Amino acid sequence: MRLVCARFTFVCADDILASKFKRQIEMLILVSGKNSSGKSAYAEKIAVRFDGTRYYIATMIPHGSGGLERIVKHRRQREGMGFITLEQTQNISSLQLEDGCAVLLEDVSNLLANAMFASDNSSDAVLADIRALCARCCPVVAVTISGLCADDYSGETRAYVTQLNRLNTELYAIADTVVQLDGGNPVLLKGAVLPV
């Protein structure tokens with residue numbers, strides 16, 4: 001069975017699962033987890049199940065060799081998956097994308113950091129930007145870091161983690177499906193199980 005999402009279909013063998021995903025409107029799939037938990041690879045496996053044009057929106061501004069290594073790792077990881085990669089550190093909803101296209105947003109935490117530290121924006125602006133993207137694209141598979149505690153930090157980092165936790169909570173509320181990666185294992189927190 002193929003699931004229809006705007007102009008796209010999602011390959012699925014389970015008729016019951018298919019009925020839960022059959023939509024003609026926006027769809028947000030949130031994939032969360034700690035750093036290096038496998039959330040990006042899992043999100044890519046979800047996104048490639050949708051037919052049609054698939055965009056990978058890369059939001060990271062590399063800082064130092066560690067940032068560059070992470071970018072190279074992610075490029076290698078998605079090689080041959082059919083993504084059109086767009087590097088956009090802010091204002092993702094302003095991108096010229098095909099209506100109804102599938103999008104993998106990598107990632108929400110970088111998008112928020114860019115908004116807070118480069119433009120003095122808050123999680124509200126980032127949430128509005130993601131919602132505007134969701135209104136045009138189907139699905140949006142958004143990756144985010146979770147499990148951070150603001151009390152473990154101070155100053156700007158504490159403010160960032162507080163805003164990130166708030167944004168993640170708001171995204172969780174509007175997402176159709178939420179999956180958290182724990183030690184490389186996907187844990188369904190909301191919605192239907194996604195075959196990958």
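Start by selecting strand β3, residues 28–33: six of its six residues are buried, so the strand is largely enclosed by the rest of the structure. Buried means under 20% relative accessible area with a 1.4 Å probe, protein chains only; strands (E, at least two residues) and helices (H or I, at least four) are DSSP runs numbered from the N terminus.

This is a predicted model, in which local features need pLDDT of at least 70 and side-chain atom pairs count only at pLDDT 80 or more, while totals for chains, interfaces and linings use all residues. Residues are numbered from 1 along each chain as its sequence is written, and side-chain values use heavy atoms, without hydrogens and water.

Colour the two faces of β3 next. L28, L30 and S32 lie on one side, I29, V31 and G33 on the other, and all are buried. In a regular strand the side chains alternate between the two faces of the sheet.

- β7 (residues 140–145) runs parallel to β3 and is joined to it by six bridges. V31 has V143 as its bridge partner there.
- β8 (residues 177–182) also pairs with β3 in the parallel sense, over five bridges. Here G33 is partnered by L181.

Then show the largest nonpolar core, which has 33 residues. Such a core is a set of buried Ala, Val, Leu, Ile, Met, Phe, Trp, Tyr and Cys residues joined through side-chain atoms within 4.5 Å. Helix α4 supplies its largest share, six residues.

Apart from this core lies another, of 19 residues, including A47, F83, V141 and V179.

Technical notes
Buried < 20%, exposed > 50% of the residue type's maximum accessible area, 1.4 Å probe, protein only. Pairing = 2+ DSSP bridges.
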